[in-house]
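Hi,

Here is the structure I said I would pass on. Have a look at it first, and then read my notes below.

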Amino acid sequence: MQCSPCLVVALSGVLVALGLLILGLYCHTPTRYGKHAEVAAEEEQQPLREQQRRHLPAKCAWFLQELPAFLVPALLLALRSPPRFAPLGCRLLVGMFCGHYFHRTFIYSFLTRGRPFPLDTLLFGMLFCVYNGFLQGYYMVYCAEYPDDWCNDIRFTSGILLFLFGMGINVHSDFLLRQLRKPGELTYKIPQGGLFVYVSGANFFGEMLEWFGYAIATWCLPAFAFALFTMCFVGPRAYHHHRYYLRKFIGYPRSRKALIPFIF
Ligand code: NDX
């Protein structure tokens, strides 16, 4: 394989278009998994057994869904001939992108206490992870080139710091959500502590910072396209979570925002 700039631009363009489509679709109707699947099923008056037949346990679903985002770039890197691990692009791919998806696939999936996940969403999610894993991996393995002093560039250092800060918020917030439930429990409670003091979607806020950090540190089109996609997906999800909490809990803190502290 060789670097094709046209392919990179085309695939990144599709990712941006998908993000905008999702923003349009999910502004009004939430993605149907987690608490919003419950609401949708109630509205459609589907029998519980009917719903559960088309679901997979959360641990298994998250593992299968996220695995391609780790595996595809790792394979692109490992199968490149001649092997190429030393360039900065490859090290950023391994340390940041694969690092994030290693955690999401092999740690988060096994810890989650979420409710069963819809099969159709899982399949779309898997396809998305193959696509995005290929785009990010292909660019970093075959196309990315950085000047020798890129590590001293303010974009590199600030991007890495933002990524680490975002990942810290994301992992900590997902931990706080898990602590709200005992194993086997599926009820929803008011999230407390950490960044949840300020926003209902603290885990989503962290995820968004992470991918903007990655985009700034790598300064490339595919990474910016993915950061924008993430914002388009997690933004509406945080907004719908926020509205759900306001409806469900009478004492829900009114000063709390949906996604961005003090702003939105
Ligand atoms: N998965 C990213 N449509 C998505 C799957 C769905 O990783 O193309 C995007 C991802 C995919 C989506 C993915 C891409 C777009 C797709 C979509 C399906 C269709 C869509 C492909 C790939 C698409 C067309 C074709 C139409 C264009 O019971 P429960 O499960 O709710 O429990 C939850 C629990 N919890 C609580 N527990 C007690 N009390 C409370 N109040 C609670 N609130 C929540 O916490 C869960 O166990 C857990 C977390 O829940 P939640 O809802 O806060 O987060 P969740 O959405 O499950 O995400 C989990 C983590 C989180 O850190 C988030 O940042 C990250 O994954 N994430 C999630 C989604 C996308 C993404 C990151 C990204 O874009 N980077």
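Let me start with the ligand shell: H9 gives it the largest share, with 7 residues. Keep in mind that this is a predicted model. In total, 39 residues surround the ligand, and the closest are Tyr33, Asp174, Tyr188, Lys189 and Arg237. By type, the shell splits into 19 nonpolar, 11 polar and 9 charged residues.

Tyr188 has a side-chain N or O atom 2.6 Å from an oxygen atom of the ligand. For Asp174, a polar side-chain atom sits 2.7 Å from a ligand oxygen. With Asn170, the distance from an N or O atom of the side chain to an oxygen of the ligand is 2.9 Å. As for cover, the ligand on its own would expose 1,300 Å², and the protein buries 92% of that.

Next, the aromatics. A search of the whole structure turns up 31 aromatic pairs. One of them joins Tyr33 and Phe117: the ring centres are 4.9 Å apart and the planes meet at 40 degrees, so this pair counts as tilted. Tyr33 is in the loop between H1 and H2, while Phe117 belongs to strand E2 (residues 117-118), so the pair ties together parts that lie 84 residues apart in sequence. Tyr33, which is also among the residues closest to the ligand, has a relative accessible area of 11% and is therefore buried, the cut-off being under 20%. Phe117 is buried too, at 3% relative accessibility.

A second pair to look at is Phe128 with Phe229. Their ring centres are 4.3 Å apart and their planes are at 20 degrees, so these two are stacked. This pair also links distant parts of the chain, with Phe128 in helix H6 and Phe229 in helix H9, 101 residues apart. Both of these Phe residues, Phe128 and Phe229, are buried. They also belong to a cluster linked by ring pairs, whose other members are Tyr26, Phe97, Tyr101, Phe163, Trp211, Tyr214, Phe226 and Phe233.

Thr31 is in the loop between H1 and helix H2 (35-44). Is Thr31 buried or exposed? Its relative accessibility is 8%, so Thr31 counts as buried. Leaving out residues up to four places away in sequence, Thr31 touches Tyr26, His36, Phe233 and Arg237. Of these contacts, Tyr26 and Phe233 are members of the ring cluster, and Arg237 is among the residues closest to the ligand.

The other one is Pro236, which is placed in helix H9. Pro236 has 6% relative accessibility and so counts as buried. Finally, the C-alpha atoms of Pro236 and Thr29 are separated by 8.9 Å, although the two residues are 207 residues apart along the chain.

Cheers

Note on methods. Residues are numbered from 1 along each chain as its sequence is written. This is a predicted model: local features need pLDDT of at least 70, side-chain atom pairs count only at pLDDT 80 or more; totals for chains, interfaces and linings use all residues. Side-chain values use heavy atoms; hydrogens and water are left out. A residue is near a molecule or strand if one of its heavy atoms lies within 4 Å of it. A polar contact is a pair of N or O atoms within 3.5 Å; within protein, one must be able to donate a hydrogen and the other to accept it, and residues adjacent in sequence count only if both atoms are side-chain atoms. Accessible areas come from the Shrake-Rupley method with a 1.4 Å probe; for residues, only the protein chains shown count as cover. Helices (H or I, at least four residues) and strands (E, at least two) are DSSP runs, numbered from the N terminus. Ala, Val, Leu, Ile, Met, Phe, Trp, Tyr, Cys and Pro count as nonpolar, Asp, Glu, Lys and Arg as charged, and the others, Gly among them, as polar. Buried means under 20% relative accessible area, exposed over 50%, partly exposed in between (1.4 Å probe, protein chains only). Contact means heavy atoms within 4.5 Å. Rings of Phe, Tyr and Trp (its six-membered ring) pair if their centres lie within 6.5 Å; planes under 30 degrees apart count as stacked, over 60 as edge-to-face and the rest as tilted.
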